[in-house]
Amino acid sequence: GSIYVHLDWHSSHYVKIIMDNVFGYDNFINNIVWCYSGGGSNNKKFATKHDDILLYGKSDEYTFNYDKVCIPFANGTKILTDEQTQKKYYLKSGIRYYIERDGKLLEDWWIDIPNIHHNPLNERHNYPTEKPQLLLERIIKASSNKNDTIADFFGGSGVTAVVAQLLNRKWIT
């Protein structure tokens with residue numbers, strides 16, 4: 001199993017130390033930086049426009065479905081097929097880059113999902129820590145399979161349960 005903990009800039013560094021103690025330093029997998037934009041800046045500091053999502057595994061055997069959360073290649077990237085090997089590739093500066101999937105594997109910084117206040121899906125329910133469905137969809141797809149159980153121990157607006165249900169996962173909240 002795995003656990004994701006979503007934090008803002010005030011507490012992420014403190015919680016990381018606690019998570020290392022609870023789950024083990026070696027079970028830390030990623031610090032995902034979820035970047036977003038929008039209003040709310042001031043003249044006394046840089047605008048705070050990201051949250052941290054800490055990812056830990058229960059052991060070194062956890063689900064990670066990278067192929068379920070690939071993002072499209074950059075606009076204009078033409079995917080070609082090698083006639084001899086039938087392997088897919090793209091060209092960059094005259095060099096062939098062979099690919100194994102139909103998209104680009106995500107980095108640990110996500111800029112393609114707007115926060116709930118600027119979300120085009122108009123899914124806001126005015127719960128203070130509500131997450132966008134697209135964010136939860138990516139996390140659930142990456143770390144679980146159909147019929148697995150998803151738990152959200154804080155429940156909040158219920159969006160985790162909604163997305164888990166839509167993705168055919170069992171859920172506890």
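Which residues of helix α3 (residues 159–166) are buried?

A: The model is predicted, so local features are described only at pLDDT of at least 70 and side-chain atom pairs only at pLDDT 80 or more, while totals for chains, interfaces and linings use all residues. Residues are numbered from 1 along each chain as its sequence is written, and side-chain values use heavy atoms, without hydrogens or water.

In helix α3, the buried residues are V159, T160, A161, V163 and A164. Buried denotes under 20% relative accessible area, exposed over 50%, and partly exposed the range in between, with a 1.4 Å probe and protein chains only. Helices (H or I, at least four residues) and strands (E, at least two) are DSSP runs numbered from the N terminus. In general, an α-helix has 3.6 residues a turn, so residues three or four places apart point the same way. The buried residues of α3 pack against α2 (133–143), β8 (149–151) and β9 (170–172), where contact requires heavy atoms within 4.5 Å. Just after α3, N168 adopts a positive phi of about 60°.

As for confidence, pLDDT is the predictor's own estimate for each residue, from 0 to 100. Among the elements of the protein, β9 has the highest mean pLDDT (98), and strand β5 (residues 88–92) the lowest (89). The protein has a mean pLDDT of 90, with 94% of its residues at 70 or more.

Elsewhere, L7 belongs to strand β1 (residues 2–7) and is buried, at a relative accessible area of 11%. Beyond residues up to four places away in sequence, L7 touches S12, V15, D51, D52 and L54. K49 sits in the loop between β2 (28–35) and β3 (50–57). Although buried, K49 has no salt bridge, and the nearest side chain of opposite charge, that of D51, is 9.7 Å away. A salt bridge requires a side-chain nitrogen of Lys or Arg within 4 Å of a carboxyl oxygen of Asp or Glu; Lys and Arg count as positive, Asp and Glu as negative, and His and the chain ends are not counted. Outside four places in sequence, the contacts of K49 include W34, C35 and Y36.

C35 is partly exposed, with a relative accessible area of 23%. The structure holds zero disulfides, a disulfide being a pair of cysteine sulfur atoms within 2.5 Å. The closest cysteine sulfur to that of C35 belongs to C70 and lies 19 Å away, too far for a bond. C70 is likewise partly exposed, at 22% relative accessible area.
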